[in-house]
Amino acid sequence: SYWLSESVNHLLLQWGDEGLLYSWTLNGDPLMDGNSTIDLDEKTDGNINCMVKNHVSHGQKTIRVKPCP
């Protein structure tokens with residue numbers, strides 16, 4: 001199973017396995033690949049999607065983020 005931890009400007013997707021490939025998008029546009037964490041600025045607005053996969057399975061999680069007031 002997985003969980004997505006949200007804070008003001010830091011997202012972490014934790015998956016209980018080794019050898020995982022991570023891919024992040026914002027509103028469908030690629031952000032970065034390879035890391036389980038990303039840092040966002042306070043103006044980030046939209047849908048953040050994290051996809052993770054290995055040789056056995058895959059999964060994804062999408063959350064909606066809004067700019068800090």
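Trp24 stands opposite Met32 in β4. This is a predicted model.

**The sheet.** β3 and β4 are antiparallel partners, joined over four bridges. On β6, Trp24 has a second bridge partner, Cys50. β3 and β6 also run antiparallel, and six bridges join them. Next comes the pairing of β6 with β7, again antiparallel, over eight bridges. Within it, Asn49 has Thr62 of β7 as its bridge partner. Strands of a sheet pair through backbone hydrogen bonds, in either a parallel or an antiparallel sense.

The pairings compare as follows.

| Strand pair | Sense | Bridges |
|---|---|---|
| β3 and β4 | antiparallel | four bridges |
| β3 and β6 | antiparallel | six bridges |
| β6 and β7 | antiparallel | eight bridges |

Together they give an open sheet of four strands, in the order β4-β3-β6-β7. Which strands form its edges? They are β4 and β7, each of which pairs on one side only. On average, neighbouring strands of this sheet are turned by 20° against each other, with direction ignored.

**The core.** The largest nonpolar core has eleven residues. Among them are Tyr22, Trp24 and Leu26, along with Ile48, Cys50 and Val52. Ile63 and Val65 belong to this core too, as do Leu20, Ile38 and Leu40. β3, β6 and β7 each supply at least two of its residues. In soluble globular proteins, nonpolar side chains tend to be buried together.

**The β6-β7 loop.** β6 and β7 form a hairpin, with four residues between the strands. Asn54 sits in this loop, between β6 (46-53) and β7 (58-65). Is Asn54 buried or exposed? Asn54 counts as buried because its relative accessibility is 17%, under the 20% cut-off. Its side chain makes contacts with the backbone of the loop. A polar atom of the Asn54 side chain lies 2.8 Å from the backbone nitrogen of Val56. The Asn54 side chain also reaches the backbone nitrogen of Ser57, at 2.9 Å.

**The β3-β4 loop.** Another asparagine, Asn27, lies in the loop between β3 (21-26) and β4 (29-33). Asn27 is not a glycine, yet has a positive phi of about 55°. With a relative accessible area of 45%, Asn27 is partly exposed. Asn54, by contrast, is buried at 17%.

How values were computed. Residues are numbered from 1 along each chain as its sequence is written. This is a predicted model: local features need pLDDT of at least 70, side-chain atom pairs count only at pLDDT 80 or more; totals for chains, interfaces and linings use all residues. Side-chain values use heavy atoms; hydrogens and water are left out. Buried means under 20% relative accessible area, exposed over 50%, partly exposed in between (1.4 Å probe, protein chains only). A polar contact is a pair of N or O atoms within 3.5 Å; within protein, one must be able to donate a hydrogen and the other to accept it, and residues adjacent in sequence count only if both atoms are side-chain atoms. Two strands pair if DSSP finds at least two bridges between them. A nonpolar core is a set of buried Ala, Val, Leu, Ile, Met, Phe, Trp, Tyr and Cys residues joined through side-chain atoms within 4.5 Å. Axes are lines fitted to C-alpha atoms, for helices over the stretch in contact, and angles run from 0 to 180 degrees between N-to-C directions.
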